[in-house]
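Please look through the structure below before reading on.

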Amino acid sequence: MGVKIGGYKPGGAAAGSAGGTAASAVGDSLFWKTLELINRPSSASFGAVTALQEGDDPFDRAMKALRGEAEYSGRDVLENFGVDPESTAGKYGGFALDVLNPLDPLNYVGGLGAATKAGRAAKLVGKAAEHWDDAARAGERGLVTFAGHRVPVPFDAQILGGMERAGKAVAESSMGRGFATLFGGKRGAVAAQAGLAGIPDEAVRATFDAEEEAARIANKFQLDTEAEIRAFDALRGEDRGALLETIGRAYRGDVDYVAAANDYIRMGTPGFAERKAAWDAADTFMKKQSGFLSQLEGTGMDAYALPYSGHFPRLPQVKPGMDTPNLGEKVFEEQWNALQGPSRNAFNKLLLPGSIEPVAVQTLTDAGKAEYFRLGKKYFDEAQREDPQYIAEFLRKHRKTPGELNASGNTALSYETSPAVVFKKMRDDAMANVKGDALVKSLERVGIAKPWDDGVHLPAVDENGRNLFVKVDQGRYAAKPLAIPVDQARALQKMLDVLSPSQDKALMGAMINQAMPQLLKDAGLMQWWKAAAIFGGGPSYFSRNFFTGVVKNMYEGMGIANPQTPRFYAAAVDTIGKSLRGQWGANDYITLRNGTKLSKKRLYQEYMIRQMHGGGLPDIDIIEAGAGPSKKLRERVFRVPRKINEQVEMSVRLPLAMKTIEDTLAEAQKRGIAVPEVIDALQESAQGVIGQAGDIVDRAFKNADQQVKLSHFDYTDLAPFEEGLRRTWVPFYTWMRKNIPSETVNMLQRPGKYMPFVRAYYETFDQAGIVPEDLPEWMASNFAVPIGETQDGRRKVLDLTGFLPFMDVFETMNALVGEPRTGEGRLSTIGRYVGTRFNPFLSEGAEQALQKEFLTARDFGDLPTEMFGASLSPQSAGLINLFRPARELDRLNPGGVFTEIGNATGQFEGDVRPRRNEPGEAERWLRFGTGLKFYGADPDQANLSRNERAKKAARLRKMAMRAKREGRGGEARYLENQANEVEGA
């Protein structure tokens, strides 16, 4: 007897049957049917071996296996060698052969459009062929590949080229652009918007490259200043505000620096050590920022991010009765002198989404702001010197009242007193300037922006007399402005809206937000629920996250067959430990296969700088400038689990990054490219990522960044529409959006990677002497495997569904094709699929109205309602289940406390909670700690297998027929209805 995929066994008889009946019901699932087909080559290879062992025709057996008429396994091969199939060697040896079958062609075959070893190698050290047909001719890609080489299928280059052109045609159609705008991530949305305006693809790529390069430089600055920001946390009371005021005066030159430092620190007085540490941290931050901004000198962008640009307090809070216009005039004059260039141009503000308005402008009414920008330079650059009276009148007319000023937390005259918040804001402004400068330069480099020429660009108008060019007075080009075509300027605006979307510019996402009831679109409510849903399950979330990441790494060659895998994971754990302690030793290196010593500190720095965490749970600042009280509290409450999960994600992303770096350097050596003996840490003085574009080290880290984000996803790459979905209607949209297409493509291109899991699944049933249909259908629909029996003879099951990323595809496919096992229609299964992934508050409302649970399609009355030792109404239980911490606590039932309460109060009868698949105490804690689900199915209707339900329904119908013959029509109808309910449970 061998592994049965879809219920088949050798000879074609259905597993568990006596007379060779048709394939079992699990085979009706599209997903399992597909896997059964995929497994046939493995069965055929074993069939050929058994035929040779027995002197039979190997071709005949292989063909029977390929047709699904018989199935052969590793245990059959071992049995022919004289190994008892029921012995330990027979069971586990056969299991190992089934899972790792070295004769299975799928372990060496790639599917549609698979990249070959040559293609992957070309991409590692340079640029592979850009188009599929060219790649096929170069041997870098094939319609089918075998052992990493292209199989010469006739006309495969033409077929691949046709597939690519067809896909491109769809992508460039109006429908394709629409989907790209909605579901293509930032890059897809930007490309679609730019394409409509005629911006070339290379310009879009250049813009993204500039954005990514600037982001890396900015992230380096953030990483370099984290220690300084943390140093402010020890300050208390008046010392916090005094630090900002004193160091602000010192750096503005209002007072002597040394005198200011001594005056603030006050050596020998209580708290002087904390004040000295904070002063030194602020001073170090200033010096680091000065070096960071040195690349902007002379651009006009360096001035307004420096410390005298309005971050530090100089004036007291406005009080009623104070002469506001005169006070405001002083503020305005000082601020305007410090803010040259960027803030005076509305288009410049678009190019610099993070830029700030002059503080004086922030205190104007809306009408005043409009007038301010209309008048612009003429009155506010010249009149402030020539006609100060005009400025005073303007401010008196348009200034907000003291009450309005004090009502806002972000006004000119009411300053933030937390040094951490202020310095973070300075850092954000500085990084925004660097990114803006890189963007401006990229626009000129690709030819979108050209030096402004009055003689060329001023007369250029369309048939309606409108200018064809926009004049941009941006940063380094303040002295010689740029000209940008109007259409491309509009497209650029859309591109930037996508790169840095605001809630009011999220296009379709904003419309979705508007359609959502006010309470449910509240950023706080949904994020509180989501954080509780993620982390409320205790360590089980981290365990499942880690295991899923390990599985994805296995797809990339980091399985048990790779001897480097343990070293990579061990090095990752050590790197994380060193980063947490901030202690890097002289020998903190990992030696790669080619002999290069890779600094673990450099690996960590590049991971953070390039944001290889993908944005899923980045190393966020717990308190952000401008964050509301709800967000601040939420971040503090979930700070510990966030940090833990960040380390969990790092523990699976860092090993893959190391493998990619190693592969790149190994390939470079093969091609005669010099590789370094040591890749050391970044120098503290470096202003960006060391290495030029052509440098093999930079290439290796770039490959690592791309591969990590490809395999483990970049959660920041969402279009504005998708952001709207994630914030409101579909809280866990990002994982589905990223994982389902990724796993689908993997299955098409690397089917052999998945079969070990499936073979192990069926081998477990085989050794238990049952088939999946012997489990309740809700179990058989998942990746649940039998692990023995309980003391009272019930089947014990372990459910691994949440640990396998490809199960998302399985669930989606089954929803789209309906549920043939129960006869449930496609519309119903799709509705349940959507309902379980929808906004939980909206879904709960619909469930309460329908009195039916989306997940199982069971009526509320059939659900367990005994919670915390009390019997609740189904409606109350449903509402409590929304809050995961409460749900997990009830399921954990520590020490059986809720069972004891229920028995003591008479809520329950007996020593178990009714309608619960509740395992023992040790298994409940194991589930809480790991996420592994254990079940011992109760013999109620919902937990009957299909066969048991069929037998029960047959008995009920037999009783109904007898009642009908005896003239008991009411009882007959009742029994018939009961039979129907059993079949549709």
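What follows begins with the whole chain and then turns to single residues.

This is a predicted model, in which local features need pLDDT of at least 70 and side-chain atom pairs count only at pLDDT 80 or more, whereas totals for chains, interfaces and linings use all residues. Residues are numbered from 1 along each chain as its sequence is written, and side-chain values use heavy atoms, with hydrogens and water left out.

The protein chain holds 44 helices and 16 strands, which are DSSP runs numbered from the N terminus (helices: H or I, at least four residues; strands: E, at least two). Of its 985 residues, 50% count as buried, where buried means under 20% relative accessible area, exposed over 50% and partly exposed in between, with a 1.4 Å probe and protein chains only.

The whole structure has 38 salt bridges, each being a side-chain nitrogen of Lys or Arg within 4 Å of a carboxyl oxygen of Asp or Glu. In one of them Asp588 pairs with Lys578, with the closest N and O atoms 3.4 Å apart. Asp588 lies in the loop between helix 27 (565–581) and strand 9 (589–591) while Lys578 is in helix 27, so the pair ties together parts 10 residues apart in sequence. Asp588 is buried at 11% relative accessible area, and Lys578 is buried at 14%.

Another salt bridge joins Arg593 and Asp663 (3.3 Å, N to O). This pair links distant parts of the chain, 70 residues apart, since Arg593 sits in the loop between strand 9 and strand 10 (597–599) and Asp663 in helix 30 (residues 639–670). Arg593 is exposed, with a relative accessible area of 52%.
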